[in-house]
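Please have a look at the model below and keep it open while you read.

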Amino acid sequence: MIKRLASGPYLFWLIMFIIVPLLMVFGYSIVQTDSSGNLSVSFSNFARAFDPIYITVLGRSLKIALEATAICLLMGYPMAMILAKMNVKYRTFAVMMFVVPMWMNFLLRTYAWMTILGKNGVLNGILSFFGLPQVQFLYSEGAVLLGMVYNFLPFMVLPIYTVLMKMDSSLIEAAEDLGGNKVTVFSKVILPLSIPGVLSGVSMVFMPAVSTFVISNLLYGGQYMLIGNLIEQQYLVVNDWNFGSAVAMILMALILISMAVMNKVGGDNPEDRGTGLW
Amino acid sequence: MVGKWLKRLYTILMFGFLYAPIAVLAIFSFNDSKSTAKWGGFTFDWYKSLFQNDLIMRSLYYTILVAIIASAISTLIGTFAAFGLYYMKPLKQKVLLNVNSLPILNPDIVTGISLMTLFVALNIKLGLITMILAHVTFCIPYVVLSVLPKFKQMPSEMLEAAMDLGATPWYAFRKVIYPEIKPGIITGALIAFTLSIDDFVISFFNTGSGVSNLSIAIYSMARRGIKPEINALSTLMFITVLILLLILNKRTKIEEI
C-alpha cells in the first residue's frame, strides 16, 4: 500500500508535466486554424517546414552541429588520452581544472567570446596595436562554431577520459608485447575499446549544439537562424505556435532517432557508456 | 622525448583555450573604461555598480530561491518515486523509467515550450510559480536516477524484515531504508540544485515579467552588448565555483582515505 502511495506524486508529475505537455505540442503541430477560426487536423505545418527557406535552416543547423562535434572530437580525444595517462599526482587536479569552466554559467561562457571577438574587443585591440586593419570576428558563422566548441568541449573529453581510465591496461601491454607499434596499438586496441565513450561524447556535444538558440543569438545576432532560433521565434515573436510545434517535433524526432542509432552502433552495454559526469 | 613536449604543449594550449576567455573577463572587470580594446586603469567601480544593479541582485535572489525550492520538492518526490519504482513490477518500472528519461534526452527548448504550452492552456500566469514547477519537472528525473541505484544495492528483504519485527512502514522507511539510500539522496539534491541554478532555456520560456534568474538577466544584458558589470559578475561566479570545487575535492579525498 505505502509502496504504491510513494510513487503517486511522481506518477502525477510525469503525466501532468511531461506527457501531457508533449502531447499538447504534438496536438498543436497537427492542427491548423483557418481564417474563420475553425480548427482542422492537417499536416500543413509539417509541409511548411519543408519549404526551401526552412530546409536551409535545418541543413545549416545540422552542418554546424556536425562541424562542432567533429572539431570537439579531434581536439578532445588527444586531451582525454593525455589526461588518462597523466601522473596520478596531477591527474585529479587536471581533470578538475578541466571541469571548472563547465560549471560556470553557460551564458557567461558565451558572453566571454563577445568581449574577445567584438568590434572593440580584445582581438581587434591586438590587431590595431600592430597597425593591422580591424576584422569583423563577431556575428559570423565561425563565431557560432567557436562558441559551440568552447561550450561543449568538456562534454566530449570527459566520457572519453572515463572510458580510457576504465580500460584494462593489460590489453594494451599484451598488444605491445605481441609486437604492435604505437599506431597499431592505438588503432587496433585503444580506439575500438574507447568507442562507447566517443559515442557518448558525440551525442553529448551534438544534441545541445543542434538545438541551441543562445549561442547563435549572442554570437551571430538576430538573422542567423538555427532550428532553435526558429522555434524560439515562432513561439515568442511570431506567435505561430502550430508551426513552432511542428519544428519542435521534427527536432525531437531528429534527436531521438540519432540517440537510437547511437545506442545501436554502440552495442547494448549502458554501463560502459562514459556517463561519469557526476 | 619529442612526444612528451608535444603533450605538454597541447595541454597548455587546451587549458589556455579554456581559461583565456575567463581570464579576459576577469582582467577587464577591473578596467576603468567601457571598452575592452584598451586599458583605462584599475578600478573597482564595476563591482560597486554590480551590487547596486537592481536587476542583477533581484535575479540572484530568484535564482537561489527557485533552486532551493525546486531541489527540495524534486528530491522529496524523486526519493519516494525511487522507493515506489523499486517495488514495482518490472514492466511498469521500465515504462516509467523511459518516460523519466524523456526530459533528459529531449532538447531543453522542447521541454521549455511544451511546459509553456501547458501553463498557458491551464491559464496559469507565467512567473515564479511556473518557473518552480518547470524546474521541479526537469530535476525529478535526475533525482530518481541517483536514488534508484541505492535501492538496488540494498538487500531486498530489509523492508520486510523490519516490518516483520513490528516496525510501521514509515518507521521502517526512516530507520532502515533512509540510512541506506542517503548518499543517493544527497547526490540527487546536489544535481538538482546545480541544474536549477544553471538553467537558462527552460526558465526563459516559463517565466513572466519581473521574474528572472541570473541566466535570463545575463542574456538580456548581453544581447544589448558588452556590459562591464557582467565581467565583474562572472569573475565573482568563477571564484565561487572554484572555491566550492576545491572544497569538494578535498572532502572526497579525505573520505577516500
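**Cavities, contact and loops**

The largest cavity has a volume of about 90 Å³. This is a predicted model, in which local features need pLDDT of at least 70 and side-chain atom pairs count only at pLDDT 80 or more, while totals for chains, interfaces and linings use all residues. Residues are numbered from 1 along each chain as its sequence is written, chains are lettered from A and ligands numbered from 1 in the order in which they are written, and side-chain values use heavy atoms, with hydrogens and water left out.

A word on terms: on a 1 Å grid over the protein atoms alone, a cavity is a set of points where a 1.4 Å probe fits but cannot get out, a pocket is an open set with protein on both sides within 12 Å along at least five of seven lines, and lining residues have an atom within 4 Å of a point. Points are joined across faces, edges and corners, and a volume is the space filled by probe spheres set on them.

Which residues line the largest cavity? They are A:Ala49, A:Phe50, A:Tyr54, A:Val57, A:Leu58, A:Ile227, A:Leu230, A:Phe243, A:Val247 and A:Ile250. By class, this lining has 10 nonpolar, no polar and no charged residues (Ala, Val, Leu, Ile, Met, Phe, Trp, Tyr, Cys and Pro count as nonpolar, Asp, Glu, Lys and Arg as charged, and the others, Gly among them, as polar). H4, H12 and H13 of chain A each supply at least two residues of it; helices (H or I, at least four residues) and strands (E, at least two) are DSSP runs, numbered from the N terminus.

Stay with helix H12 (residues 227–236) of chain A, where you will find A:Gln234. A:Gln234 counts as buried because its relative accessibility is 5%, buried being under 20% relative accessible area, exposed over 50% and partly exposed in between (1.4 Å probe, protein chains only). Not counting residues up to four places away in sequence, A:Gln234 touches A:Asn239, A:Asp240, A:Trp241, A:Phe243 and A:Gly244, where contact means heavy atoms within 4.5 Å.

A:Asn239 itself sits in the loop between H12 and helix H13 (241–265) of chain A, and is exposed, with a relative accessible area of 53%. Its phi is near 65°, a positive value in a residue other than glycine. Most residues other than glycine have a negative phi. A:Tyr139, in the loop between helix H7 (122–129) and H8 of chain A, also has a positive phi, of about 55°.

Now turn to where the chains meet. The contact takes 72 residues from chain A and 78 residues from chain B. Together the two chains bury about 7,200 Å², 83% of it on carbon and sulfur atoms; buried area is the accessible area (1.4 Å probe) that two parts lose on being put together, summed over both.

The second largest cavity, with about 60 Å³ of space, has residues of both chains in its lining, including A:Phe17, A:Pro21, B:Leu102 and B:Thr137. H2(A) gives the most to that lining, with four residues. The residues there divide into six nonpolar, four polar and no charged.

Finally, the second largest pocket has a volume of about 670 Å³. Of its 19 lining residues, A:Met81, A:Lys85, A:Phe186, A:Ile190 and B:Lys7 lie nearest its centre. The largest share of the lining, five residues, comes from H4(A).
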